[in-house]
Amino acid sequence: MRSVLEPVELPTDHPGFSDPVYRARRSAIAASAASSRDGDPIADVVYTPEEDDVWRTVSAELSRLHGSYAVEAYRQGAARLELPRDRVPQLREVDARVRALTRFHIRPVPGLVPTRVFYGALAERRFLSTQYVRHHSVPFYTPEPDIIHEIIGHANMLASPELADLYERAGKASLRAGPDEALGFFSRVFWFTLEFGVAWERGELRAYGAGLLSSYGEIQVFRDAEIRPFDIEAMGTLAYDITRYQPVLFAAESFEAVQRDLGGFFDTFKGA
Ligand SMILES: [Fe+2]
């Protein structure tokens, strides 16, 4: 994890790489998150009008698309959470709302955290979330998980009691992963389910993975991917590329089947 004073480094192909204002902004938001301690109230970020604009644009488009492409459980979670449409929400308020609904906590982190830390927090019903907003030049694209991905993709799921429990069961499974290969297997299953999972609902393929649910582009084309049957062994052993739309997805016969079979995997994962 980054220290408070270290500036955020962006790769050369990042949309904000040559924007000094954006880079300074990312560093300031990361510093605020890095200084946050468990048990402290989450400090608010004063979002700029530009950042609120990005949220407004993306959230309006995604909400429209969720009607056609998201599983019902997700849409119910979103209806319970009632995220603001016109401005970036504060993690403080999302945390309070999700906690009241399902006892799941949202905590700020400066950026990507080690895999075991991220998954391990889920076991304690804590979701580690970034707070920064993607670069305004490409509102429908982000090369890394920003607050739009975390909150629209994941927090809406965590507002549903059954799904919050599924995330906790995932976290507990991750704690049993001994060697890195076992964690790799677990991570790939997580990727193809809670990030990019799809399920059949009333004859249509719909998304329940946060990566799809928060991607304006990919949510409209995931039905064109090669769709394979839900299979834990196959998911856990298939490599993926985070930089492109997923060419292969695994479809469960229903969302109830996801909860049964994915939950069963999490509960019995040996981790060796
Ligand atoms: Fe995610």
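Does His149 count as buried or exposed at 11% relative accessibility? At that value His149 counts as buried, where buried means under 20% relative accessible area and exposed over 50%, with partly exposed in between, for a 1.4 Å probe and protein chains only.

## Basis of the model

This is a predicted model, in which local features need pLDDT of at least 70 and side-chain atom pairs count only at pLDDT 80 or more, while totals for chains, interfaces and linings use all residues. Residues are numbered from 1 along each chain as its sequence is written, and side-chain values use heavy atoms, with hydrogens and water left out.

## The iron site

The iron ion has as its protein donors His149 (NE2), His154 (NE2), Glu195 (OE) and Glu195 (OE), which lie 2.1 to 2.8 Å from it. Donors are N, O and S atoms within 2.8 Å of the metal (3.2 Å for Na, K and Ca), and sites may look incomplete, since water is not among the atoms. Because the four donor atoms subtend angles of 51 to 140° around the iron ion, the arrangement is irregular; four donors count as tetrahedral if all angles lie between 85 and 135 degrees, four count as square planar and six as octahedral if opposite donors are over 155 degrees apart and all others between 65 and 115, and anything else is irregular.

Along the chain, the donors of the iron ion follow the spacing H-x4-H-x40-E. Helices (H or I, at least four residues) and strands (E, at least two) are DSSP runs, numbered from the N terminus. Both His149 and Glu195 are buried, and His149 touches Arg134, His154, Glu195, Ala210, Gly211 and Ser214 when residues up to four places away in sequence are not counted, contact meaning heavy atoms within 4.5 Å.

## Pocket and cavity

The largest pocket has a volume of about 1400 Å³. Of the 45 residues that line this pocket, the closest to its centre are Pro143, Glu144, Pro145, Trp191 and Ile242. On a 1 Å grid over the protein atoms alone, a pocket is an open set of points with protein on both sides within 12 Å along at least five of seven lines, a cavity is a set where a 1.4 Å probe fits but cannot get out, and lining residues have an atom within 4 Å of a point. The helices α5 (115-123), α6 and α8 each supply at least two residues of the pocket lining, and the largest share, four residues, comes from α8.

A search of the whole structure finds one cavity of 30 Å³ or more. The largest cavity, with a volume of about 30 Å³, is lined by Arg26, Ile29, Ala30, Ala33, Val109, Pro110, Gln131 and Tyr132.

Phe250 has its place in strand β6 (residues 248-252) and counts as buried at 1% relative accessibility. Leaving aside neighbours within four places in sequence, Phe250 is in contact with several residues, among them Phe192, Val198, Phe230 and Leu238.

Arg103, although not a glycine, has a positive phi of about 65°; Arg103 is found in the loop between α4 (91-102) and β1 (105-108) and is exposed, with a relative accessible area of 56%. Arg125, also not a glycine, has a positive phi of about 55°; the place of Arg125 is in the loop between α5 and β2 (126-129), and Arg125 is buried, with a relative accessible area of 7%.

Conventions: Points joined across faces, edges and corners; volume = space filled by probe spheres on them.
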